[in-house]
Amino acid sequence: ALLRRSSPATRPALESYAFDGIHVDFVKSRITKNGKSIVLGERECRLLRYLVERKGLVLSRDELLQEVWEYKSIPLTRTVDVHIAWLRQKIEDDPKNPQFIVTVHGQGYRFAR
């Protein structure tokens with residue numbers, strides 16, 4: 001867990017990523033899907049980058065709140081779930097049956113591509 005959370009200064013920031021016909025530009029906070037450009041909010045972009053950089057790993061809501069939102073203590077909040085839902089609306093073909101940002105029940109979320 002400590003290695004996953006190593007400071008961003010020790011590794012270069014991911015500038016872009018492509019998967020399944022979707023191109024993400026983290027610098028411009030944009031997704032291009034099916035030739036259509038979709039703007040990401042600042043937190044959506046940070047959340048997606050964090051998930052992509054740790055693809056395949058299950059990330060808890062607490063970890064996401066600490067690392068993406070920089071919370072020092074973990075409040076009871078649905079913030080992560082809401083932002084995940086917004087991201088799914090933008091990148092998934094069927095947000096109710098996600099292929100890319102997968103829920104691991106009782107544990108958190110995993111980026112599957």
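I take buried to mean under 20% relative accessible area, exposed over 50%, and partly exposed in between, with a 1.4 Å probe and protein chains only. The model I am reading is predicted, so I kept to local features with pLDDT of at least 70 and to side-chain atom pairs at pLDDT 80 or more, while totals for chains, interfaces and linings use all residues. Residues are numbered from 1 along each chain as its sequence is written, and side-chain values use heavy atoms, with hydrogens and water left out.

**Salt bridges**

I looked up salt bridges, counting a side-chain nitrogen of Lys or Arg within 4 Å of a carboxyl oxygen of Asp or Glu, and the search of the whole structure gave nine. I began with Lys33 and Asp93, whose side chains meet in a salt bridge at 3.2 Å, N to O. Lys33 belongs to strand E3 (residues 30-33) and Asp93 to the loop between helix H3 (79-91) and strand E5 (101-104), so that this pair links distant parts of the chain, 60 residues apart; helices (H or I, at least four residues) and strands (E, at least two) are DSSP runs, numbered from the N terminus. I noted that Lys33 is buried at 11% relative accessibility, whereas Asp93 is exposed at 65%.

I then turned to Arg46, which forms a salt bridge with Glu42, the closest N and O atoms being 3.6 Å apart. Arg46 and Glu42 are four residues apart in helix H1 (residues 42-53), and therefore about one helical turn separates them. The side chain of Arg46 also meets that of Glu70 in a salt bridge at 3.1 Å, N to O. Because Arg46 lies in helix H1 and Glu70 in the loop between helix H2 (61-67) and H3, this pair ties together parts 24 residues apart in sequence. I found Glu70 partly exposed at 49% relative accessibility, and Arg46 partly exposed at 27%. Salt bridges link Glu42, Arg43, Arg46 and Glu70 in a network.

**Rings**

For aromatic pairs I took rings of Phe, Tyr and Trp (its six-membered ring) with centres within 6.5 Å, planes under 30 degrees apart being stacked, over 60 edge-to-face and the rest tilted; the structure holds four such pairs. One of them is Phe19 with Phe100, edge-to-face at 4.9 Å centre to centre and 75 degrees between the planes. Both Phe19 and Phe100 are buried. I also recorded Phe19 with Phe111, which is edge-to-face because the ring centres are 5.2 Å apart and the planes at 90 degrees. Ring pairs link Tyr17, Phe19, Phe100 and Phe111 into a cluster.
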